[in-house]
Structure formats: structure tokens, C-alpha cells
Amino acid sequence: MNRTTAQRSWRVFYVLGAAILFLASLSAKAAELTDVRIGVHEKYTRVVIETDAEAPYHIESSVGGEVVLDLAASSEPRAVSSSKSPHLESVLVKPAPSGGREVRIALRVPVDMLLMVLSEPDRIV
């Protein structure tokens, strides 16, 4: 291999390395949980889990008096309670074994759930 070919090989190597690092930094940004709020209405209670980007989630369990979501987002632990809701007691956010956040919704009574994912801003309702 002559010198010109070796120089081109190194340039290609550097460009590919920079592209890989750039793409990795884009995909590494996890969503951040920005707000958890409870809205009490006449016939229902709404829980809003807001993030700064789309955050994958799944419902881990919905048994007894609790609904548990596993949310792929980062956040400080937090708790929100509602003394005015006849349907739910509190929402607790804490680290999950998956590395994301576990969102525990403590219910006062059995409820029918309607789950929506909305955007602008990203939120699970």
C-alpha cells in the first residue's frame, strides 16, 4: 500500500469514527420526565405523565389497588397525591430495575382505564 492510499484509509477511518460517535450521541439521549400531574373531574380523574421526548413504556401490572408503568425516561423520584380524587390516592415515580422509571398509581377504588399517548408536548394520559 502506497502513502496516498494509506492517507485515504486514515481519512475514511476518521470520518466513519466521527459519524459513529455523532449517531451514538443522538440515540443516547433518553427522554426526561418533566411533569406528573393529577386532574380531578366530576366523573373521572386524569393522570398526566409528561416527557420532553417520546418515551417508550409498558404497563407492568394492574392488579388490586395499583397500576404500575415501566417508563423509559429519567427523572428524580417524586410523589404527587390527591386528597380530592375519589378514584386515586397518589402517583409515585422511582427508579425501575430496567434503568428507566417506575410509575406507581395507587387507586382508592377499581377503575376503568383509558390510556392515550399525546404529543406536543409528549405525554401519557
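Predicted model: local features only at pLDDT ≥ 70, side-chain atom pairs only at ≥ 80, totals over all residues.

User: Why is the contact of Arg 37 with Glu 50 called a salt bridge?

Analyst: The closest N and O atoms of Arg 37 and Glu 50 are 2.9 Å apart, and a salt bridge requires a side-chain nitrogen of Lys or Arg within 4 Å of a carboxyl oxygen of Asp or Glu, so the pair qualifies. Arg 37 belongs to strand β1 and Glu 50 to strand β2, and the two residues are 13 apart in the chain.

User: Are these two partners, Arg 37 and Glu 50, buried or partly exposed, and how do you know that?

Analyst: Glu 50 has a relative accessible area of 16%, and because buried means under 20%, Glu 50 counts as buried. Arg 37, at 34% relative accessibility, falls between the limits of 20% and 50%, and therefore Arg 37 is called partly exposed.

User: Why is Glu 102 called buried, while Arg 104 is called partly exposed?

Analyst: Glu 102 has 10% relative accessibility, which is under 20%, so Glu 102 is buried. Arg 104 has 23%, a value between 20% and 50%, and therefore Arg 104 is partly exposed. The side chains of these two residues also meet in a salt bridge, at 2.7 Å from N to O. Through shared partners, salt bridges join Glu 66, Lys 94, Glu 102 and Arg 104 into one network.

User: What makes a residue such as Leu 71 part of a nonpolar core?

Analyst: A core of this kind is a set of buried nonpolar residues joined through side-chain atoms within 4.5 Å. The largest one here has 18 residues, and Leu 71 is among those with the most contacts inside it, as are Ile 49 and Val 103. Strands β1, β2, β4, β7 and β8 each supply at least two residues of this core, and the largest share, four residues, comes from β1. Leu 71 touches residues including Leu 33, Ile 49, Val 103 and Ile 124.

Notes: Residues numbered from 1 in each chain as written. Heavy atoms only, no water. Buried < 20%, exposed > 50% of the residue type's maximum accessible area, 1.4 Å probe, protein only. Contact = heavy atoms within 4.5 Å. Lists of a residue's contacts leave out its neighbours within four places in sequence.
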